[in-house]
Amino acid sequence: MKTGTTEPLGAATPQIRGTTPAQAVETFLALLQDRLPAWLRLLHDLRPGHGDVTGNLRPVALAGIHYYTEIQAAALPAFVSPILTVRFRQAMRESELGPEGEVLPLAAYLAGEQELGRVRADVHPESSARLLLAGCFRHAYYEIFTGADSEPSRPDAAEAIVRELRLDP
């Protein structure tokens, strides 16, 4: 990494392989806009009453791990300075690409399964959706920093994430 002074007021900002911080944010947002639709489609395509809940959620967790691994690696340059982080947050708000877009369809699926008696009555669908996504995000994060061989395999991690939600009635 080399240090550049491309920020206002001369703030030192690490640059990744010659990419300016602004370019890093733009690259991340472009990747997010490319990958997010397929990820959201997977979440929106979940249908209560079809298949079994665990069987439906395992591929979601696995896809989440893949998605977050790719997205997080590209997002890291967006957090190299406070000024850049503020720019990133503004861009996310303006593009409406925030996390609720992931949480709400998954929570709606879980609520639908709960109404059918296929998810425990004491489960909070939105919290469970957030926990599933957080488990995927966490696995991806550690895989990026410590290597895939230091973590359970992605399929094993997806299985464990879904199992430990303990959704079955």
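User: What percentage of the residues of the protein count as buried?
Analyst: This is a predicted model. A residue counts as buried when its relative accessible area is under 20%. The protein has 169 residues. The share of them that is buried comes to 40%.

User: How much of the accessible surface belongs to carbon and sulfur atoms?
Analyst: The accessible surface of the protein is about 9,300 Å². Carbon and sulfur atoms account for 57%.

User: Among contacts between residues at least 6 apart in sequence, what percentage join residues at least 24 apart?
Analyst: Contact here means heavy atoms within 4.5 Å. Take the contacts whose partners are at least 6 apart in sequence. Those joining residues at least 24 apart make up 71%.

User: How are H2 and H5 oriented to each other: parallel, antiparallel, perpendicular or oblique?
Analyst: H2 spans residues 53–75 and H5 spans residues 125–146. Their axes come within 8 Å and cross at roughly 45 degrees. Roughly parallel needs an angle under 35 degrees, and roughly perpendicular needs 65 to 115. H2 and H5 are therefore oblique.

User: Is the crossing of H2 and H5 left-handed or right-handed?
Analyst: The two helices meet through side by side lists of residues, including Gly64 and Tyr68 in H2 and Cys136 and Ala140 in H5. As H2 passes H5, the crossing is right-handed.

User: How are H5 and H6 oriented: parallel or antiparallel?
Analyst: H6 covers residues 154–163, and its axis lies 9 Å from that of H5. The angle between them is about 150 degrees. An angle over 145 counts as roughly antiparallel. So H5 and H6 are roughly antiparallel.

User: Which residues in H6 meet H5?
Analyst: H5 and H6 cross in a right-handed way. From H5 come Leu132, Gly135, Cys136, His139 and Glu143. In H6 they meet Arg154, Ala157, Ile161 and Val162.

User: How far does H4 reach from its first C-alpha to its last?
Analyst: H4 runs over residues 100–115, which makes 16 residues. At 1.5 Å a residue, 22 Å is expected. The span in the model is close to that, at 22 Å.

User: Which residue with a positive phi follows H4?
Analyst: The phi in question is near 80 degrees. The residue that follows H4 with this value is Gly117.

User: How are H2 and H4 oriented: parallel or antiparallel?
Analyst: Their axes are 12 Å apart, and the angle is about 170 degrees. Residues that meet include Val53 and Asn56 in H2, with Tyr109 and Glu113 in H4. The cut-off for roughly antiparallel is over 145. H2 and H4 are therefore roughly antiparallel.

User: Is Glu113 buried or exposed?
Analyst: Glu113 lies in H4. Beyond its neighbours within four places in sequence, Glu113 is in contact with residues including Arg47, His50 and Arg118. Its relative accessibility is 0%, so Glu113 counts as buried.

Key
Residues numbered from 1 in each chain as written. Predicted model: local features only at pLDDT ≥ 70, side-chain atom pairs only at ≥ 80, totals over all residues. Heavy atoms only, no water. Buried < 20%, exposed > 50% of the residue type's maximum accessible area, 1.4 Å probe, protein only. Areas by Shrake-Rupley, 256 points an atom, 1.4 Å probe, with all protein chains shown as cover. Helix = DSSP H or I, 4+ residues; strand = E, 2+ residues; numbered from the N terminus. Expected span 1.5 Å × (residues − 1). Axes fitted to C-alpha atoms, helices over the stretch in contact; angles between N-to-C directions. Left-handed = near helix turned anticlockwise from the far one by under 90°.
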